[in-house]
Amino acid sequence: MKIPFVSFKPMEKELDRELRESFDRVFLHSWYIEGEEDRRFEQRFAEYCGTKYCVGVGNGLDALMLSLKALEIGAGDEVIVPSNTYIATALAVTYVGAKPVFVEPNINTFNINPMRIEEALTDRTKAIMPVHLYGQACEMDPIMEVAKKHQLYLVEDCAQAHGATYKGKKAGTFGDIAAFSFYPGKNLGALGDAGAVVTDSQALAEKVRALGNYGSDYKYHHIYKGNNSRLDELQAAFLAAKLPHLDRMNEERRRIASRYITEIRNPEIILPTVLEDCVPVWHVFGIRCKERDALERHLNAKGIVTNKHYPIPIHLQECYRDLGYRQGDFRVAEEISATELSLPMYYGMTEEQIDYVIDSVNSFEVEA
């Protein structure tokens with residue numbers, strides 16, 4: 001049996017009529033940037049998240065960068081980011097001229113360890129950027145306590161956490177501002193690149209919108225040195241069509257994850273930990289194995305496509321050599337990078353496929 005790491009086919013087949021109608025509507029109106037589709041999606045996504053404002057932007061990286069720019073974080077400033085995350089988190093900090101300062105994760109949840117944040121603060125720290133990795137929300141109460149104690153901004157990276165909750169509140173509602181990616185592979189994905197910023201601050205929302213529109217608050221009037229990053233009408237229409245189905249599709253991911261957690265019983269496998277206060281949406285189902293590469297070969301040989309998130313931690317990436325980090329500086333992130341393997345996880349997996357993945361993982365044996 002061949003099982004892809006992700007497939008959009010089941011979802012696209014189910015939503016075919018709604019997506020085609022969305023395309024036809026945009027094409028008929030001949031309005032492609034900053035129109036009614038964008039405003040409609042922004043309103044609905046803000047309501048879904050539980051925030052007052054949503055601003056559509058070009059992609060998730062821009063959402064992070066524009067959030068930092070709106071908070072006037074720049075040269076000479078530092079931003080706390082997890083040492084275990086996708087590189088976009090750190091790049092956003094770099095792009096505004098600030099320095100990313102890495103903090104180790106909790107090895108069981110993969111998310112930033114709140115108990116390690118305070119020791120990384122300096123008089124140049126301006127913000128904390130927790131990442132709700134793989135679709136599980138961070139432990140936000142202690143993170144918010146640190147931010148409040150030291151008067152720091154809190155910028156949530158929600159790129160993988162559409163609909164995830166912590167103590168009943170959705171990711172994106174805890175900080176000053178939050179960034180989402182709608183890359184096609186996300187739980188709520190566009191049919192191309194797209195992103196959004198959500199916040200309860202009208203001033204921040206207006207500033208993000210202006211910054212993403214060449215720094216302009218109205219045509220040919222530029223109050224900031226801005227960027228070109230706007231959610232186009234077509235992607236907004238597609239996202240609006242998908243949004244009403246997000247919770248249902250997230251619930252299916254939770255069902256698949258529950259089967260993995262309950263039925264994978266191989267002693268060589270370390271399963272992810274779900275915190276009591278969290279309801280994840282399982283953008284990624286990441287397991288750990290000391291013989292990760294052998295496990296990967298075993299599953300690939302059986303036709304199961306896997307992925308590694310992320311095989312080289314950010315502090316060891318060549319592009320961040322200037323920060324001066326070395327192997328061993330962030331041992332938890334390095335341990336995760338060396339042992340993490342992501343199993344297939346997507347809406348529409350059949351029971352037969354789920355059974356096959358579980359049986360294949362359970363049949364793995366370490367070679368003598």
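Hi everyone, this is a short walk around helix α8, with stops at L19 and D62.

A word on the model first: it is predicted, so local features need pLDDT of at least 70 and side-chain atom pairs count only at pLDDT 80 or more, while totals for chains, interfaces and linings use all residues. Residues are numbered from 1 along each chain as its sequence is written, and side-chain values use heavy atoms, with hydrogens and water left out.

Let's start with α8, residues 233-242. Helices here are DSSP runs of H or I, at least four residues, numbered from the N terminus. In α8, 9 of the 10 residues are buried, so the helix is largely enclosed by the rest of the structure. Buried means under 20% relative accessible area, with a 1.4 Å probe and protein chains only. Among the buried ones are E233, F238 and K242. The buried residues pack against α1 (9-14), α2 (16-29), α3 (36-49) and α9 (246-263), where contact means heavy atoms within 4.5 Å.

Now, which residues does L19 touch, leaving aside its neighbours within four places in sequence? They are F238, A241 and K242. L19 sits in α2 and is buried, at 9% relative accessible area. Between L19 and F238 there are 219 residues in sequence, yet 5.9 Å in space, C-alpha to C-alpha.

Last stop: D62, in helix α4 (residues 60-70). D62 is buried without a salt bridge, that is, a side-chain nitrogen of Lys or Arg within 4 Å of a carboxyl oxygen of Asp or Glu. The nearest side chain of opposite charge, K69, is 9.4 Å away; Lys and Arg count as positive, Asp and Glu as negative, and His and the chain ends are not counted.

Key
Helices (H or I, at least four residues) and strands (E, at least two) are DSSP runs, numbered from the N terminus. Buried means under 20% relative accessible area, exposed over 50%, partly exposed in between (1.4 Å probe, protein chains only).
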